[in-house]
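Please look through the sequence and the model shown here before reading the report. The sections take up spaces, helix contacts, rings and the backbone in turn.

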Amino acid sequence: MVEKIYQTCVVGLFILSAYGWGRLTRPILDRRVLLFHSLTAIIGLAWLGLIGGVLNLTHLARPPVLIFLMVVGLGVALREILRHKPWRHRTFPLESIPLWLAPAMALGAALLLMPAGTFNINDDFHTYVTRATRMAQTGSLTGNAFDSLGVDSLGSPSFFHGFFLAIGEVGMLNGFDAVACFALCLFFVAELSLRWRMPWWLGVSALAALCWINPQYVNISPLYAGAAGIMALIVCGMFLRQALAQPGARLPGRLLVTIGLLAAWLISMKVTLAFFTAFFLTALFGLALLQAGNRLKTFRAGAATAGLVAIAVLPWCLVALSPLWHARNTAKDFTAPTALMEKYPSLAAHESVHWLEPVPLFYGSMPVFYFMASFVVFSATLAALWYGWSRGFQRKLSGLPALAAGGFAVLATMLLHSHLFPISMAVRYSCPIVIGGLFVIALGLVRARTTPGAGSRAWLGGGFATGCALVVFLFHDSFQKRLTTALNEGTLIAFDFNRATTDYSRQMLTSEAAWYHRRLQTNIPSGATALVWTAAPFQFDFQRNRLLTLSVPGVSGPALRFPAGVPVGSLENYFRSNGIQFVILETNGFGTVRLNTLARMQQSPWTVYQKLGDYGTYLRLSLDEMAARGTVRYSDGHIVVFELNRSAPPTPQRNSVALREPTPL
């Protein structure tokens with residue numbers, strides 16, 4: 001319990017620090033933004049995201065620097081708290097009930113989920129924990145073209161994971177998204193309910209639905225962080241639309257900076273969030289241009305926003321894409337495209353027709369639940385847009401185009417996801433967008449169409465509360481399952497896993513596992529470059545060697561143009577041209593990518609899985625052949641370390657280190 005209290009306090013301090021960073025930049029923020037404390041904290045995270053890109057680019061993203069950033073934010077936050085003395089306000093109207101309920105829910109999440117009892121041993125151990133560890137030890141995420149960095153995200157989430165890794169251990173990493181950002185989503189919805197003068201029961205309904213809806217949590221990638229960023233972007237879009245609608249007003253530069261920063265943060269967090277950002281900004285400025293008024297000012301605002309987004313996201317693009325560009329150019333030097341490389345010109349799944357099917361998903365719930373909620377809100381925004389257009393978008397209605405842009409972006413992104421990915425993946429990738437968009441849009445519609453205390457607000461609010469109650473009803477079974485999993489295992493993982501997975505997850509976080517990996521690493525010279533394909537590469541020392549962790553999604557991404565299908569000798573030359581001298585390959589173990597698993601993926605009806613199976617099989621067989629023809633430095637039946645050397649026969653050394661194997665699945 002002491003550990004839980006300590007880690008909960010760390011999350012609280014992190015949120016305060018984010019708020020401090022938001023207040024620190026108040027000279028360039030619009031005053032309407034600063035009225036919302038939770039919005040200020042989210043913008044503080046966006047500022048930290050920009051700083052993180054610069055620090056990664058300069059190899060300065062190390063624990064001392066991250067702790068310094070956190071202390072600076074805390075100092076500013078404490079100064080603001082002492083200046084305003086919020087404890088002097090002792091009136092607690094009924095409308096403030098959501099504002100008291102939100103921190104109670106956040107506290108419950110912190111006590112249930114920290115420290116994490118079980119991780120996704122594939123995505124988390126191999127990707128997200130490893131990235132945070134690499135950054136903490138080397139000061140940057142850059143330098144590895146064989147990870148999926150640049151394919152799934154530009155690396156911003158790993159920077160925030162670094163704050164928790166700098167203060168604690170790996171078990172605290174889910175404190176960023178599953179706890180801190182979840183808390184910010186709750187705080188923001190509660191604060192919108194209070195400041196927009198909604199009935200207390202409406203705010204409570206929104207908080208309950210936000211908790212009950214199944215987020216399809218799979219790993220520690222940005223889920224609630226994306227939802228918080230989307231909430232902030234839509235609300236700031238409302239402010240911008242109001243500013244642009246004022247005749248004779250100057251270009252709202254402060255709002256443009258805020259929107260550009262939030263958009264860049266979303267883009268750097270996850271590629272699927274970038275789709276929403278592009279749709280939203282296009283629809284927002286497109287609707288503004290269609291209205292009568294100063295179109296030149298609107299066009300200038302749109303161009304300025306695009307430029308600000310490009311500048312803010314540039315550091316992360318350089319961090320993630322520079323290694324990919326180098327490795328892609330290297331592949332052109334010695335090989336022509338193979339049949340395997342040309343086999344998959346498109347990975348699109350074309351599964352949009354499955355949105356209305358009432359079929360249970362792999363991660364729980366049904367796609368029709370998410371689609372119908374999004375479609376209803378989108379339809380409501382169209383009706384509200386027509387209503388506002390017919391009345392000339394009076395001041396109270398001037399934010400409706402931003403809500404309509406949000407509704408369009410949510411639905412369009414979901415359809416794009418289902419076109420690109422299998423429906424189960426499409427729903428999972430859409431969850432942050434649904435959670436972040438629908439609640440803010442619905443509350444905004446109630447505010448725009450009604451006045452406080454009027455009967456129309458009660459009727460429209462009652463309809464929204466009924467929708468929230470329906471969400472609670474539809475997702476109640478999955479909520480009970482998530483709650484049970486959180487109580488017993490300390491995680492929100494949506495897919496089924498057994499005790500062996502939990503045991504292995506905890507075993508890989510022990511000092512014994514760390515010693516095993518560090519001892520194994522001594523079989524290659526200090527400073528040498530090694531390709532690493534193991535289940536838990538985060539336990540290696542990234543300062544001692546240049547370690548290029550390999551993942552099948554990373555090498556199968558179209559950006560890398562990996563030379564799959566070339567002869568083993570050519571592949572060996574390709575690795576050497578990228579500086580690789582050694583390979584650390586896990587051949588047997590609980591988290592190992594096995595050939596029979598890859599064979600099942602090859603038989604999948606979806607192209608994306610077929611490509612993963614083909615590329616994974618080719619890689620595994622090629623590396624096995626390289627090990628047979630190279631110089632084996634170490635082998636224990638679990639992991640083999642070998643040098644890329646064709647002439648020397650395999651000569652395993654007898655310095656094996658025993659590691660207790662978990663119970664097989």
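The report below begins with how the model was treated and then goes through its features.

## About the model

This is a predicted model, in which local features need pLDDT of at least 70 and side-chain atom pairs count only at pLDDT 80 or more, while totals for chains, interfaces and linings use all residues. Residues are numbered from 1 along each chain as its sequence is written, and side-chain values use heavy atoms, with hydrogens and water left out.

Rolling a probe the size of a water molecule over the atoms shows where empty space is left. On a 1 Å grid over the protein atoms alone, a cavity is a set of points where a 1.4 Å probe fits but cannot get out, and lining residues have an atom within 4 Å of a point. Grid points are joined across faces, edges and corners, and a volume is the space filled by probe spheres set on the points.

The structure contains six cavities of 30 Å³ or more, and the largest cavity has a volume of about 120 Å³. Its lining is made up of 13 residues, and S221, P222, L223, K270 and R428 lie nearest its centre. Two or more lining residues come from each of helix 12 (271–290) and helix 16 (423–449), where helices are DSSP runs (H or I, at least four residues) numbered from the N terminus. Helix 16 gives the most, with three residues.

## The second largest pocket

A pocket, in contrast to a cavity, is an open set with protein on both sides within 12 Å along at least five of seven lines. The second largest pocket holds about 1,400 Å³ of space, and among its 31 lining residues H37, P86, L99, P103 and F187 are the closest to its centre. Helix 8 gives the most to this lining, with seven residues.

## Helix 10 against helix 15

The axes of helix 10 (residues 224–245) and helix 15 (residues 400–420) come within 7 Å and cross at roughly 145 degrees; axes are lines fitted to C-alpha atoms, for helices over the stretch in contact, and angles run from 0 to 180 degrees between N-to-C directions. In this contact (heavy atoms within 4.5 Å), I234, G237, M238 and R241 of helix 10 meet P401, A402, L403 and G406 of helix 15.

## Aromatic rings

The structure holds 30 aromatic pairs, counted where rings of Phe, Tyr and Trp (its six-membered ring) have centres within 6.5 Å, with planes under 30 degrees apart called stacked, over 60 edge-to-face and the rest tilted. The rings of F159 and F163 have centres 5.2 Å apart and planes at 85 degrees, so this pair is edge-to-face. Both residues belong to helix 7 (residues 156–167), four residues apart, about one turn of the helix.

## Backbone details

Most residues other than glycine have a negative phi, and most peptide bonds are trans. M114 and P115 are joined by a cis peptide bond, with omega about -5 degrees, and P115 lies in the loop between helix 5 and helix 6 (123–138). R197 is not a glycine, yet has a positive phi of about 55 degrees, and R197 is found in the loop between helix 8 and helix 9 (200–212).
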